[in-house]
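Subject: Handover of a structure and notes on its contents

Dear colleague,

Please find below the structure that I am handing over to you. My notes follow it, and I would be grateful if you could read the two side by side.

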Amino acid sequence: MAHLQYLIFNNENIPMPASYSIGLSDVEADSGGVTEAGTTQRDVVREGIVEISVSFHVSKMWLMKLSAYKKLAKITVGYLDTETMNTVNTEMYIDGFKSKLAADTSYGGLWEVSFTLKEF
């Protein structure tokens with residue numbers, strides 16, 4: 001059975017993540033808020049902005065590749081949309097990049113890497 005491909009960065013398949021979660025948020029105009037009657041009024045300017053939190057257990061080679069992606073201003077990301085189970089392409093950037101040595105091995109270690117992908 002073939003595994004699903006969860007992430008593709010600039011046409012490169014990324015290893016299977018240890019965790020993968022998608023959040024959607026909206027951008028509201030300043031004109032929204034709470035009325036005098038206490039009713040919440042939302043003026044949504046843009047809806048469904050994707051934010052993906054992922055973590056990986058990777059080798060030294062993939063730690064260096066993911067660190068290089070972190071330095072890019074934007075990445076073309078193909079991600080698995082959990083609503084449709086299809087790959088969706090968009091432009092994103094990496095925020096909150098963290099790496100941690102999980103195990104010391106003779107091949108440069110096993111690393112835990114986590115970050116959040118944010119859609120422009």
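The notes below cover conventions, the sheet, the nonpolar core, the aromatic pairs and the salt bridges.

Conventions

This is a predicted model, in which local features need pLDDT of at least 70 and side-chain atom pairs count only at pLDDT 80 or more, while totals for chains, interfaces and linings use all residues. Residues are numbered from 1 along each chain as its sequence is written, and side-chain values use heavy atoms, with hydrogens and water left out.

Sheet and helix

Helices (H or I, at least four residues) and strands (E, at least two) are DSSP runs, numbered from the N terminus. Seven strands make up an open sheet with antiparallel pairing, in the order 2-1-7-8-9-6-3; two strands are taken to pair if DSSP finds at least two bridges between them. The edges are held by strand 2 (12-13) and strand 3, each of which has a single partner strand, so one side of each lacks a neighbour in the sheet. Within the sheet, strand 7 and strand 8 run antiparallel and are joined by seven bridges. Leu-80, for example, has Thr-87 in strand 8 as its bridge partner. Helix 1 packs on the sheet, where it touches strand 1 (7-9), strand 2, strand 6, strand 7, strand 8 and strand 9 (110-119). Contact here means heavy atoms within 4.5 Å. The direction of helix 1 makes about 125° with that of strand 8; axes are lines fitted to C-alpha atoms, for helices over the stretch in contact, and angles run from 0 to 180 degrees between N-to-C directions.

Nonpolar core

A nonpolar core is a set of buried Ala, Val, Leu, Ile, Met, Phe, Trp, Tyr and Cys residues joined through side-chain atoms within 4.5 Å. Buried means under 20% relative accessible area, exposed over 50%, and partly exposed in between (1.4 Å probe, protein chains only). The largest such core has 22 residues, of which Leu-7, Phe-9, Leu-66, Phe-115 and Leu-117 touch the most other members. At least two core residues come from each of strand 1, strand 6, helix 1, strand 7, strand 8 and strand 9. Strand 6 gives the largest share, five residues. Beyond its neighbours within four places in sequence, Leu-117 has contacts that include Leu-7, Phe-9, Val-50, Val-77 and Met-92.

Thr-116 belongs to strand 9 and is buried, at 17% relative accessible area. Not counting residues up to four places away in sequence, Thr-116 touches Glu-51, Ile-52, Ser-53, Tyr-93, Ile-94 and Asp-95.

Aromatic pairs

Rings of Phe, Tyr and Trp (its six-membered ring) pair if their centres lie within 6.5 Å; planes under 30 degrees apart count as stacked, over 60 as edge-to-face and the rest as tilted. By this rule there are six aromatic pairs. Phe-9 and Tyr-69 are edge-to-face, because their ring centres are 5.1 Å apart and their planes stand at 80°. Phe-9 is in strand 1 and Tyr-69 in helix 1, so this pair ties together parts 60 residues apart in sequence.

Phe-97 and Phe-115 are stacked, with 5.9 Å from centre to centre and 10° between the planes. Phe-97 lies in strand 8 and Phe-115 in strand 9, so parts 18 residues apart in sequence are tied together. Phe-97 is partly exposed at 23%, whereas Phe-115 is buried at 3%. One aromatic cluster is formed by Phe-9, Phe-56, Tyr-69, Phe-97 and Phe-115.

Salt bridges

A salt bridge is a side-chain nitrogen of Lys or Arg within 4 Å of a carboxyl oxygen of Asp or Glu. The structure holds five of them. One joins Arg-42 to Asp-26, with the closest N and O atoms 2.9 Å apart. Here Arg-42 sits in the loop between strand 5 (40-41) and strand 6 (44-58), and Asp-26 in strand 3 (residues 19-28), 16 residues apart. Arg-42 also forms a salt bridge with Glu-28, at 2.8 Å between the closest N and O atoms. Arg-42 is partly exposed at 44% relative accessibility, as is Glu-28 at 39%. Shared partners join Asp-26, Glu-28 and Arg-42 into one network of salt bridges.

With kind regards
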